[in-house]
Amino acid sequence: MFWFGISFLAVVVLVALIGPAVTHSPFEKVGTPFAPTGSQFWLGTDEQGRDIFARLAYGARISLGIGLTVQALALVVGITLGTLGVYGPNWIRVPILRFTDAMFAFPDVLLAILIIGVWSTTNQAQSILAVIASLAITAWPSVVRLVRAQVATYKDREFVLASQALGASTFYSVTRHVLPHLGGIILAVSMVDLAGIILAESALSFLGIGVQPPIPSWGSMINQARLDMASHPVNLVWPCLVLSLTIFSLNFLGDGLRALSDPKSQGRS
Amino acid sequence: MSILGNIPDALRLFRAISIRLAYGVLSLIFVSFVTFLASELAPGDVVDLIAGEKATVETKARIRHDMGLDRPWYTRYGEFLVGATQLDFGKSYVGTKEPVKDSIMRTLPMTMRVAFWAMLLAASIGITLGTLAAIWENRWIDKWVLGLSTLGVTIPNFVLAPILVLIFALQLDRLPTTWEENRVASDFYYLVLPVVILSLRPMATLTRLARASMIDTLHQEFIRLAQAKGVPPVRLYLRHGLRNSILPVVTAIGTSFGFLLTGSFIVETAFALPGIGRLAIESIQKRDIPTIQATTLVAGVLFILVNLLVDIFQPILDPRIRESQV
């Protein structure tokens, strides 16, 4: 399953990178509506005669792009605040931790929906920025919790104390001795978080408040195909399959990486 | 040891609950403030939206004054808060300018109804499956439960909704596709798909957690002792096992409720259910800020209240937590 996850993700990344270049335009009508699967349109065309494969490929670029950007932002904020939450002076440490706790008062992506709701726009480029901003604001608190808990377990370990006893500054011992230990767990959790962000992005697009048309997104493709599913159910199947398998693969990858970084967790939860 | 058996115990419990209540109130204030802030930071001028393009400067000034927008933010936050406690969020910016309270009151019952049944379904099936899987750890039932719960966590509900409609409504023709004003069958047929789809993700989470927690419990010494004493299996698993393993699951019910709330946005959109999630999405598309604020705040408050309730029940359920919360 771990290897299935890696191979599927590799295919998705490859298709996202070169797919849109080698097929038809994902934005324009290139054939008759609802053309069947064939050599010209690999997965057929949608209700407007647009190439479904090209749209899935471009949608992969959008989903992965948004997912990676949001996760990168969340990691930068989360690692900084999480470390300050352990090593910072009290007047910085306590507000950070309280504020992080308070952010959990919002369930799941409700805050993202509020932010999008207030800044909603039909401008295509801005809609992507709005999705990235709202999901990043929703994503960072869980990273802070993870990093803080992990950094706290290393704070009083011998090798960290030793480096400080040898005269290393706090900044040096944190960046050189503590944070490198977090690499494995952060990578593993990031995969699962990435799955959550891609899921949230697709959900927003499904609801019509995420990435705006005609930019293809897996979520909006599902919502579109839903309208014609009585007559053309196959068009619904493709985006559903690609999205589910991507989420699936990222979760397996995350579980696999976690098992590698922490042998004790195997077989549990 | 009974809950009110001796005075210090009851005091301790009271203290723990008061602290938790205070945190709950702080959370409510935070959520309401962020919700208020969102409209303050919204781009564009509300007055332009309401007065229209051709309004004169005097008309705009009058509207601004009538809406209280010329007063400082803390006065308006105070009023927002006081209004919110009475579910008064002013009037909608668009359409019939209906008071937001009315549209909330109209849509909230549907959301609560679906959420309640979904949570009940998720908790009962999740705990049962998780416990069974833990009892037969690593046997076929365990592997099936784990596999299915992985599917439940990973398959998004907006993927499941159209696919299940395709199968049960369009192919088998057993269920209606969406909610309708004039229903030909009992509500059960209209709500069964939404409830099941909404419950799957929390169900999967609770199953995994119930399994992990039960496995931890069953590996402890007192279980082996009970087995050696010849406690019959049903009593062993229910009284000795489940009672000790249920607490993390109860906590998770609170967190899962959050996924249920945001999930209801999707399910209500997919099945055209007149609930608060669909109201929220429609008001976002119409840029109707008072309704967006109200729906967010109501969902946020429900989430906080459910978690508060769960946390207050915990020390009552478990003496170990009562002891530790001094």
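R98(A) is partly exposed, with a relative accessibility of 45%, where buried stands for under 20% relative accessible area, exposed for over 50% and partly exposed for what lies in between (1.4 Å probe, protein chains only). In this predicted model, local features need pLDDT of at least 70 and side-chain atom pairs count only at pLDDT 80 or more, while totals for chains, interfaces and linings use all residues, and side-chain values use heavy atoms, with hydrogens and water left out. Residues are numbered from 1 along each chain as its sequence is written, and chains are lettered from A and ligands numbered from 1 in the order in which they are written.

The side chain of R98(A) meets that of D101(A) in a salt bridge, at 3.6 Å from N to O; the term stands for a side-chain nitrogen of Lys or Arg within 4 Å of a carboxyl oxygen of Asp or Glu. Side chains of opposite charge can pair when their charged atoms come close. R98(A) and D101(A) are three residues apart in helix 3 (residues 90-103) of chain A, so about one helical turn separates them; helices (H or I, at least four residues) and strands (E, at least two) are DSSP runs, numbered from the N terminus. D101(A) is also partly exposed, at a relative accessible area of 37%.

D101(A) has a salt bridge with R145(A) as well, with 3.0 Å from N to O. Because R145(A) lies in helix 5 (residues 124-155) of chain A and D101(A) in helix 3 of chain A, this pair ties together parts that are 44 residues apart in sequence. R145(A) counts as partly exposed, at 41% relative accessibility, and R98(A), D101(A) and R145(A) are linked in a network of salt bridges.

## A salt bridge in chain B

Over all chains, the rule gives six salt bridges, and one that belongs to chain B joins E98(B) to R106(B), with the closest N and O atoms 2.8 Å apart. E98(B) is partly exposed, with a relative accessible area of 24%, whereas R106(B) counts as exposed, at 53% relative accessibility.

## Chain A as a whole

The secondary structure of chain A consists of nine helices and zero strands, and the C-alpha trace of chain A spans about 75 × 40 × 35 Å along its principal axes. Of the 269 residues in chain A, 50% are buried. Among contacts in chain A with a separation of 6 or more, 69% come from residues 24 or more positions apart, a contact being heavy atoms within 4.5 Å. The accessible surface of chain A is about 12100 Å², and 67% of that surface belongs to carbon and sulfur atoms; such areas come from the Shrake-Rupley method with a 1.4 Å probe, and for residues only the protein chains shown count as cover.

## T246(A) in helix 9

T246(A) lies in helix 9 (residues 233-261) of chain A and counts as buried, at 0% relative accessibility. A polar atom of the side chain of T246(A) lies 2.7 Å from the backbone oxygen of V242(A). Apart from its neighbours within four places in sequence, T246(A) is in contact with F8(A), L9(A), V12(A) and W218(A).

## Where chain B meets chain A

The contact between the chains takes 47 residues from chain B and 43 residues from chain A. The area buried between chain B and chain A is about 3900 Å², with carbon and sulfur atoms giving 77%; buried area is the accessible area (1.4 Å probe) that two parts lose on being put together, summed over both. Across this interface of chain B and chain A the rule finds zero salt bridges.

Among the helices of chain B that each supply at least two residues of the side that touches chain A are helix 1 (7-40), helix 8 (187-218) and helix 10 (233-271). Helix 10 of chain B gives the most to that side, with eight residues. The residues of the side of chain B that touches chain A divide into 31 nonpolar, eleven polar and five charged, where Ala, Val, Leu, Ile, Met, Phe, Trp, Tyr, Cys and Pro count as nonpolar, Asp, Glu, Lys and Arg as charged, and the others, Gly among them, as polar.

## Helix 11 of chain B

Helix 11 of chain B is largely enclosed by the rest of the structure, because seven of its ten residues are buried. The buried residues of this helix 11 of chain B include I276(B), L279(B) and I284(B), and what covers the buried residues includes helix 4 (110-118) of chain A together with helix 5 (100-135), helix 10 and helix 12 of chain B. R287(B), which follows helix 11 of chain B, has a positive phi, near 55 degrees.

Note on methods
Polar contact = N/O pair within 3.5 Å; in protein donor to acceptor, adjacent residues only side chain to side chain.
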